[in-house]
Amino acid sequence: MTQTRPTTTPNLEEPKFGFNEYAERLNGRAAMIGFALTLIIEYVTGQGLLEWLGLG
């Protein structure tokens, strides 16, 4: 008895959580925005990030 093999590969959507390309791109963009905001805060207040947070 022989088994038939599928002729096409199912087109499954990649999940939107976990370690995948979408999540890594989103995390990278969030990190860039956070870094830019940190630089802006330091420039506007004249204090470093740790001083601004009350830790330095």
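Modeller: A salt bridge is counted here when a side-chain nitrogen of Lys or Arg lies within 4 Å of a carboxyl oxygen of Asp or Glu. By this rule the count comes to one salt bridge. The model is predicted: local features need pLDDT of at least 70, side-chain atom pairs count only at pLDDT 80 or more, and totals for chains, interfaces and linings use all residues. Residues are numbered from 1 along each chain as its sequence is written, and side-chain values use heavy atoms, with hydrogens and water left out.

Colleague: What makes Glu21 and Arg25 a salt bridge?

Modeller: The closest N and O atoms of Glu21 and Arg25 are 2.6 Å apart. The limit is 4 Å, so the pair qualifies. In general, side chains of opposite charge can pair when their charged atoms come close.

Colleague: How are Glu21 and Arg25 placed relative to one another in helix H1?

Modeller: Glu21 and Arg25 are four residues apart in helix H1, which means a separation of about one helical turn. Helices are DSSP runs of H or I with at least four residues, strands are runs of E with at least two, and both are numbered from the N terminus. By that rule the protein chain has two helices and zero strands.

Colleague: Why is Glu21 called exposed?

Modeller: A residue is buried under 20% relative accessible area, exposed over 50% and partly exposed in between (1.4 Å probe, protein chains only). Glu21 has 54% and is therefore exposed.

Colleague: Is Asn20 buried or exposed, and how do you know that?

Modeller: The relative accessibility of Asn20 is 8%, so Asn20 counts as buried. Asn20 is found in the segment before helix H1, which covers 21–45. Glu13 is also found in the segment before H1, yet Glu13 counts as exposed because its relative accessibility is 67%. Across the protein chain, buried residues make up 4% of the 56 residues.

Colleague: What makes the pairing of Asn20 with Tyr22 a polar contact?

Modeller: A polar contact is a pair of N or O atoms within 3.5 Å; within protein, one must be able to donate a hydrogen and the other to accept it, and residues adjacent in sequence count only if both atoms are side-chain atoms. A polar atom of the Asn20 side chain lies 3.2 Å from the backbone nitrogen of Tyr22. That value is within the limit of 3.5 Å, so the pair is a polar contact.

Colleague: Which backbone atom of Ile41 lies 2.7 Å from the side chain of Thr45?

Modeller: The backbone oxygen of Ile41 lies at that distance from a polar atom of the Thr45 side chain. A polar atom of the Thr45 side chain is also 3.3 Å from the backbone nitrogen of Gln47. Thr45 itself lies in helix H1 and is partly exposed, because its relative accessible area is 37%.

Colleague: Why is Trp52 called partly exposed?

Modeller: Trp52 has a relative accessible area of 43%, so Trp52 is partly exposed. Trp52 has its place in helix H2, residues 49–52. From C-alpha to C-alpha, Trp52 and Ile41 are 8.4 Å apart in space and 11 residues apart in sequence.

Colleague: How does the protein chain compare with a compact globule of 56 residues?

Modeller: The radius of gyration is taken over C-alpha atoms, and the globule rule is 2.2 Å times the number of residues to the power 0.38. Such a globule would have a radius near 10 Å, but the protein chain has 23 Å. The C-alpha trace spans about 80 × 20 × 10 Å along its principal axes.
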